[in-house]
Amino acid sequence: MGVLMSRRQTVEKVQKVSLAVSAFKDGLREQPSTRRRAEAGGTRRGTLEQTVQEGEEDASAGPSQPEESSASKAAWERLRDGRGVEPEEFDRANRFTPPAFIRPKRELHDDEPPDISLEQREQVLNDEMCEICEVWTAESLFPCRICSRVYHDGCLRRMGYLQNDSSVEVTETAHTETGWSCYYCDNLNLLLTEEEMYSLMETLQHCKIIPETCLTLDDFLHYKHLVHKQQFERPMAEAQEERAALQFSALDPDKKGHIEWHDFLSHESIQLLQKLRPQNALLRLLTAKERERARAAFLALDQDSDGFIGEGECHRARHAWFRKHQKETPSCNVSISHVGPMSESSPASSGSSKSQEKTLPATEQEEARPIDWPGFLRENVAYILAARPNSAALHLQPPA
């Protein structure tokens, strides 16, 4: 007679293994820091961390950072490794070890057009076990709206990714149309390869941008002027400066007079992706959930089902990707946040959608150039990616 295990027994076994792994991780965390560095160097050979550590002395002696403080060095290291907050700032007792972020690598076929069919729908399923503790408890898992990962709120707190204010936000939005992005998808900087990250860090250091600091409008415009002059060897035009000022306003939705570091970093990361990668490569970054939401958005706009929509509708879709945190109607039946544009006949679009249309130029509204499904994806992929973070800021301002 074979041995059968019930689901409860299986879960109990997984929980015991998880506890053993947590205890083992706690033991590793208490080891001397030199041993951790040696182990990290052996397991992450050839990564950005090892390369930067080898040239750290030269970088600290460079003209951009003549006498870099230890806090500044730590900030640059966090930027390099894709970590938002230094784990040492948290109480290490009863906390999991933060994961090591491994940056993606470009593949040979990345620039080829991906096969994303409009008719063939994709079945989107979330993982069954928490990404952190790998324990199955279906009633208390919070899904990411971008990827298939799910999390316990307690695990997120132990990782240091949930504070008091963000904890309430997760519990209120994770199971609504607004949704919640996990710490992987919330950080657009993690989409950059090591080479792309080097390029961004060199630009930030050249422009004397201090990591993890807020930027005022003057700081932002000064940075944009330096980057433009470095790239094109000529001053920024007045119209370009106005667009940069509009982008600053989009990154400062609460009108604080400054933009947060993580919003600035997300904006620069998505702009660098637009600059260095073709649209086909960006399309390969879309997850199954994002592709499905893009299908729903296109089909909602294709009223006559001929496979084409107008150019004006496609442009308005860019604005609709960024309708975040609709707290007054968090459980609206029509998908608003990060899903795409709503049909003009939708009751939920009668208010905000019409008011947004009024801001569009008349020439754009009257433009009737037809756009098919592949063209719709190519023109909106950057905005779909830019809408991943939980922040209410618009990390890529659509043109007016």
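Analyst: Start with two helices. The axes of α9 (residues 217–232) and α10 (residues 238–251) come within 10 Å and cross at roughly 135°. Axes are lines fitted to C-alpha atoms, for helices over the stretch in contact, and angles run from 0 to 180 degrees between N-to-C directions. This is a predicted model: local features need pLDDT of at least 70, side-chain atom pairs count only at pLDDT 80 or more, and totals for chains, interfaces and linings use all residues. Residues are numbered from 1 along each chain as its sequence is written, and side-chain values use heavy atoms, leaving out hydrogens and water.

User: Why is α9 called oblique to α10?

Analyst: Angles under 35 degrees count as roughly parallel, over 145 as roughly antiparallel, 65 to 115 as roughly perpendicular and the rest as oblique. The angle here is roughly 135°. That falls in the rest, so α9 is oblique to α10.

User: Which residues of α9 and α10 make the contact?

Analyst: Contact means heavy atoms within 4.5 Å. From α9 come L217, F220, L221, K224, H225 and H228. From α10 come Q240, E241, A244, A245, Q247, F248 and L251. By class there are seven nonpolar, four polar and two charged residues. Ala, Val, Leu, Ile, Met, Phe, Trp, Tyr, Cys and Pro count as nonpolar, Asp, Glu, Lys and Arg as charged, and the others, Gly among them, as polar.

User: What makes D263 count as buried?

Analyst: Buried means under 20% relative accessible area, exposed over 50%, partly exposed in between (1.4 Å probe, protein chains only). D263 has 5% relative accessibility, so D263 counts as buried. D263 is in helix α11 (residues 261–276). Leaving aside neighbours within four places in sequence, D263 is in contact with L251, S391, A393 and H395. Across the 400 residues of the protein chain, 44% count as buried.

User: Why is α13 called oblique to α17?

Analyst: The axes of α13 (residues 288–301) and α17 (residues 373–386) come within 11 Å and cross at roughly 125°. That value makes α13 oblique to α17.

User: Which residues of α13 and α17 meet?

Analyst: E290, R291, A294, R295, A297, F298 and L301 in α13 meet W373, F376, L377, I384 and L385 in α17. This contact has nine nonpolar, no polar and three charged residues.

User: How many helices and strands does the protein chain have?

Analyst: The chain has 17 helices and six strands. Helices (H or I, at least four residues) and strands (E, at least two) are DSSP runs, numbered from the N terminus.
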